[in-house]
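Okay everyone, thanks for coming. Let's have a look at the chain on the screen and walk through a few parts of it together.

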Amino acid sequence: MFDAYKRFFRFAGEQKGTWYKGMAFELLRSIFEALQFAALLIVLRALVEQNMTGATPWMAFGIMTVSVAGAALCWYLAHNSEGHADYCMCAEKRIHIGERMKYMPMGYFNAQSLGSLTAVATSTMEDLESMSFAVIARTVVGMIRTTIFSLAVLCFDWRIGLIFLLGMLLFLWVNSLLLKKSRELSPGRLAAQTRLVDAVLEYIQGMSVVRAFHGDKAANQTLNRTIEETEQQNFKLERKRIPYNVLEQIVLRVTAVVAILLSIWFFLQGSMTLFACLMVVVSAFLVYSELESAGEMFFMLPMIDASIDRVEEIDCAPRMDEGGSVQTPKHCDISFEHVDFSYGERKIIRDVSFTIPEGTTTAIVGPSGSGKTTLTSLMARFWDVDSGTVKLGGINVKDYALDSLMRNFSMVFQRVYLFNDSIENNIKFGKPDATHEEVVAAAKAARCHDFITALPDGYDTIIGESGATISGGERQRLSIARAMLKDAPIIILDEATANVDPENEVELQEAVKALTAGKTLVMIAHRMKTVQEADQILVLDQGRIVQRGRHAELMKQGGIYADFVCSRSSAESWRIAGRKSREVKAEI
Ligand SMILES: Nc1ncnc2c1ncn2[C@@H]1O[C@H](COP(=O)(O)OP(=O)(O)OP(=O)(O)O)[C@@H](O)[C@H]1O
């Protein structure tokens, strides 16, 4: 049990001081409340010894007033510290986890379900936020107050004092059995909670599929099953807890009754004064009051422990750049030397070697699933290669601290992710200190200024989660503006123009061209014109580079590239025909 407390205070980190302060106030509150007992004793003594004076009630009244006022003040101060400690501890942990995730290998996110990571940041943290103070402070204060009370009684009458202490020891023994049960069941409860978050997330994210395919019955069944499972886990915990809690209460009440009966017997025998006997009767109702109310809280101690386990699991995950340091490359050449890479057991990239000289444009083409996106992810070390080396500016990417590596890349992903924040903040995500003018300039260059200003709140418009409130093409253009503003020397465009409508495509291509001038550009492009103009084309098939060179050379060679050009040309002629019919003059 004491290990759990020690572990918790270690976990509290910088908030440990606030925790101690809160607990000290909680203990003071409890002592102030116990002063009422002293007031009662003064009146009782005066009555028994028949020496009540006019000052006695006033003295009792004064002590009562100090007791009530002191307890109220300490209650206020304890709850202030509690709110601060709970909130700040969890906020700091959430931020810390978010920071930690930035440096984890992407494989970690494959292995961990979205639900389990979400559960840690939400329900597990909420558990810690809502339970910690109540459990830690009340249980510690309960034990301290009972000990002080028992020791005080011990000074009056050692026999009764010992009985009170014995009662507490019995209580702690039953409590250790209760903790054992709770320790067995807490991880299961947490796992069920994680599965519930997972199921709810899946249900919400797949809502459109559920509707389109009338899958509500199947989806509801899964969700209901998970809710039932969580319910069962919680009931199981409750069922196990209640008998032990009842036993704890019985132990404390029986001890109090035994103390009263014995003190009456001692009085009748003449080995105890009437006043001491009355004092024991009164104190028997008070000595365990804090411990009784903290009884249920002890059961939650292992739950806090299990929650800390989950948070620390993420905290202890390996950092990718443990061996790296801040590097400033002299140039921005990217080179792959005999690189192999697999997702788990599945080999995706096979013995790939190439160099992308600084300031050039490289197009990566190849059939779907051939590994194009994976190849670009390896450049920015989203994943670690199985063998071979990836270098930037002649330095192995593993020798960079992650931040100093990422400083060199601006990326526009195939699947654009926008944060549930204002458009302005989304654009300046890669350059938080950018001015509004810089944001507008990037938005204009990425051809999104017009649609942004047409929105009622303009640049302050909050886009829903994942950019849900704007169209695919608009999302794509915002992400291009974001990449432009970061102004890194290497730009990776993964099908950057895939969702842009034909009316905007030409303008956008021009803007991309202007902004990427003089930079190293790596693009996964399906547009013929950009591919043709590239300084180097890498043709990927089943994870191998099967052709490389400029457009004209590759066309002469025939093979996959020539087939790709044929298929793209017919697709684009189909698109051009569509655009002409809408009288859009564009040249491809
Ligand atoms: N995170 C991942 N975990 C496991 N497998 C993955 C992951 N990402 C991609 N893959 C698999 O690796 C293979 C290559 O994927 P990749 O996205 O690199 O191909 P691509 O050539 O870019 O495809 P497309 O043109 O369709 O986007 C695919 O079979 C894909 O299913």
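Let's start with leucine 77, which sits in helix H3, residues 55-102. By helix I mean a DSSP run of H or I at least four residues long, by strand a run of E at least two long, both numbered from the N terminus.

Before I go on, this is a predicted model: local features need pLDDT of at least 70, side-chain atom pairs count only at pLDDT 80 or more, and totals for chains, interfaces and linings use all residues. Residues are numbered from 1 along each chain as its sequence is written.

So is leucine 77 buried, exposed or in between? Leucine 77 is partly exposed, with 17 other C-beta atoms within 10 Å. The cut-offs go like this: buried needs 20 or more other C-beta atoms within 10 Å of the residue's own, exposed is 12 or fewer, and partly exposed is in between, with C-beta atoms placed from the backbone.

Now, which residue is 52 places away from leucine 77 along the chain, with 6.5 Å between the C-alpha atoms? That's phenylalanine 25. Phe25 is one of the buried residues of H2, along with Trp19, Met23 and Arg29, among others. Helix H2 covers residues 16-48, which is 33 residues, and reaches 48 Å from its first C-alpha to its last. That's close to the expected 48 Å, where the expected span is 1.5 Å times one less than the number of residues. Just after H2, glutamine 50 takes a positive phi of about 50 degrees.

Next, helix H10, residues 289-298. Its buried residues are Glu290, Leu291, Ala294, Gly295 and Phe298. Seen down the axis of H10, they fall within an arc of 155 degrees, so they line one face of the helix. That arc is taken from the directions from the helix axis to the C-beta atoms.

Four strands make an open sheet in the order S2-S1-S4-S5, with antiparallel pairing. Two strands pair if DSSP finds at least two bridges between them. The edge strands, S2 (346-356) and S5 (395-396), each pair on one side only. S1, residues 334-343, pairs with S2 over seven bridges, and serine 335 has threonine 355 in S2 as its bridge partner.

Zooming out, the protein chain has 21 helices and ten strands, and buried residues make up 34% of its 588 residues.
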